[in-house]
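Please look over the structure below. A short report follows, one topic at a time.

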Amino acid sequence: MSTAEISLDVVRELRAICGEEYVGDESSVLKGRADDPDRKFARELLETYKTVTPGSAEEISAILRLANERGFNVRPAGGRTKQTPQWGGPVVVVNTNRLTAVEHYDPADLTVGIGAGMTVAHLNAMVGQDQLMFGGDPPFGDRGTVGGLLATASHGPLRHGYGAVRDYCIGVRFVTGDGRRAKGGGRVVKNVAGYDLMKLLIGSHGTLAVITSASFKLFPAPRQTKTFVCEFATWEEALKFRDVMRRSALAPMCMELVSPAARRLIRREAMSDTWAICVRASGSDAVLTRYRQGLGPAVTREVVGEKETDLWQGIENCCERERMHVRMDVIVPPGRVACVLKTLDDITDQRFGYAAVGRIGLGHLRVFTPKGTIGGTQPANVFISKLREQVKTEMGVTVESWVTPWPIAPPHLASMRAVKQALDPNNILFGRAIF
Amino acid sequence: MLGGNVAENSGGPHTLASGVTVNHVTGMTVVMPSGEVVRFGGKAAECSGYDLTGFFVGSEGTVGIVTEIIVKLLRRPERVATLLAIFETIDDGARTVSAITAAGITPAALEMLDGWTLRAVEAACHAGYPLDAGAVLLIELEGLAEQVEEQAEAVREVCVQQKAREVRRAKDETERALLWKGRKNAFAAMGRLAPSYYSQDGVVPRTRIPAVLQFIGGVAKKHGLRIGNIFHAGDGNLHPLILFDPRDPKQLELVQQAGRDILEYCVSVGGSITGEHGVGLEKRDLMPLLFTDEDLDVMLSLRNAFNAAGVLNPGKLFPTTRMCAETRGSSRNPVLAAEGM
């Protein structure tokens, strides 16, 4: 769909809402990223669509009301780390990058409220000055926005010890698909007044509303951490170790499975052919010694300081190094992880190996399968199809950059459609194709 | 019952580290207003699609009746330390709450009783609370043995820095159970002092606890009422207990006004009207303190998406000024109607 299909009248009205300098084409917005080969797709996309970069929730509301009147679709965008292709109808991309204000922050309360356009890295830098940390460490946190993190329910290794973003998001402000400005929750860590609208919006992939700001619980930053790398010849052995860990009193910050192929994607792990479980613990010397004793002979390496930071950044962003893979997040009951790995083994071979990392204690795997074809079919399609047969609906699967983020239809589609109808009755946000 | 906890998104003393109900529910079976039975979520930590499990938790029975729940379980901690920090003044106790979290410690529970309340509790429960204190903090730490011992020492130091006159530690499970018996039976102990009490559930940022306690003292004085404070201090979740005689209509009026004054103050400092008890009928008309017309309109449209005829918990949650809209939304949601729901 080209910009020509957004009429000049609409463009004029968008300029009247946001100011002329904030209405343009995507190519101008992405200037400076052309050196990144992974942006090829995005660049083509962005050159094709009109973009608006509003400065407030009021402006977003006006854009959405205009979209409802004039019949064009709106696609919210943050740091574009989980870019989803558009489908059907004239589209305006609404960037949230200007929404970066700090709404409230008192370090002693361990809470913060910020605009949806602030990056996760910026947030962490801000609260880090007070020895606090944000619980989310999604891939590409240097450019991924807080709004994007909420919309996609992204997470990184810290999810093991600190929970998912649904656990520490305490309030959200947003504009519904039909242009209503609203909020759920608030600024305090315990609050049951009204419906929990945070839960509805987190992981909704921008299909219900444009998130404009959010409030979060913060956590004290650990004063000392150490990572224990435990290695195993097979994933079966790794899972046995995980089960021992889950039964123990140890409660690490992170416990991440890293497949041999994923280790090869992480520069510092390049020479490894074994499965690894990386356990990151925090505490005093006595506490870390206790972890070392508890982990036993599986530990092959202890990592601290800059090397430890590099290791975890490598794990978080290892998919960035592999540009030709489909990236999927699979969450199953922890006892079904073996089923997922067995399915992957069955459908892949030496030529089409897969890579996987994940919060193995929680039943999460981030899987990377090649974009090539096996017998005319993409490995990702084969994998999802097999998984659907074996795990049925007892799982969550999201795929990046597919037409629908949910390749396995949720069992409660009618209720989902009812919610969509309530907040975005004209299907302005992402159209109907998500279902 | 668990179903009630899910409907209210209940909390309790140990939510400070472990979270509230919604943080532990991964799936549920729900009977919709039409009679249709649907399932949301499952055994996995996340399922595909919208998080309707999370939305239904805390919806106060206004969108469906939850009949089955899937919850995560937690492993019992290796060690537990329960401390009782005793303060001469309520201000010192209140300031200690944010000092503990500022020291990087997140206790499993951090509860506060003011002097007046703890004397009533002690008379009823014989929990070993000091009768001459201005306030006590009941602090529980859980986790690895090494970690708990270090944290217990750190908490003791913070309390002493904040003018605690004494910090006791429960020597064994019996002593620990006794300390908690006092806390958990505190509401019942109020029955010895007055025919009835009105408990509030406001929340403030934890740094505002000293100010809100002073405010509550002022409210008590202004209305000539006795108000005790026993609450989840670590979360900033207050439970002022306003004693009264329901046979006296004038007292009833004063108590309601005092409750409203307190909740208005909570909201004015960035807090909420309810942390765990829910809105229901009692606080529905206070919702506009927190939410704009448009906020409430969005919530009502979601309620009507599932319960347009208002057959489930009619009149709950939404202020009476929105009741016209509630009645007006009597047509069925077109999407659910098409699905036969």
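How closely do the axes of helix H4 and helix H9 of chain B come, and at what angle do they cross?

## Two helices in chain B

The axes of H4 (residues 90-102) and H9 (residues 209-223) of chain B come within 8 Å and cross at roughly 145°. Helices here are DSSP runs (H or I, at least four residues), strands are E runs of at least two, and both are numbered from the N terminus. Axes are lines fitted to C-alpha atoms, for helices over the stretch in contact, with angles from 0 to 180 degrees between N-to-C directions.

Contact means heavy atoms within 4.5 Å. On the H4(B) side, B:Ile90, B:Asp91, B:Ala94, B:Arg95 and B:Val97 take part. They meet B:Ile209, B:Pro210, B:Leu213 and B:Gln214 of H9(B).

## About the model

This is a predicted model: local features need pLDDT of at least 70, side-chain atom pairs count only at pLDDT 80 or more, and totals for chains, interfaces and linings use all residues. Residues are numbered from 1 along each chain as its sequence is written, chains are lettered from A and ligands numbered from 1 in the order written, and side-chain values use heavy atoms, leaving out hydrogens and water.

## The largest core

The largest nonpolar core has 94 residues. Such a core is a set of buried Ala, Val, Leu, Ile, Met, Phe, Trp, Tyr and Cys residues joined through side-chain atoms within 4.5 Å. Buried means under 20% relative accessible area, exposed over 50%, and partly exposed in between (1.4 Å probe, protein chains only). Among the residues with the most contacts inside this core are A:Leu123, A:Phe216 and B:Leu302. Helix H12 (residues 293-307) of chain B gives the largest share, 7 residues. Domain 1 (2-71) and domain 3 (284-338) of chain B both contribute, so the core lies between them. The domain bounds come from an automatic or database assignment.

Beyond its neighbours within four places in sequence, B:Leu302 touches residues including A:Leu197, A:Val419 and B:Phe55. Another core, of 46 residues, lies apart; A:Trp235 and A:Met328 are among them.

## Positive phi in chain A

A:Phe140 has a phi near 60°, a positive value in a residue other than glycine. A:Phe140 sits in the loop between strand S7 (132-133) and helix H6 (146-152) of chain A. At 6% relative accessibility, A:Phe140 is buried.

## An arginine in a strand

B:Arg168 belongs to strand S7 (residues 164-169) of chain B. Its relative accessible area is 31%, so B:Arg168 is partly exposed. B:Ala85 is 83 residues away in sequence, yet 6.4 Å away in space, C-alpha to C-alpha.
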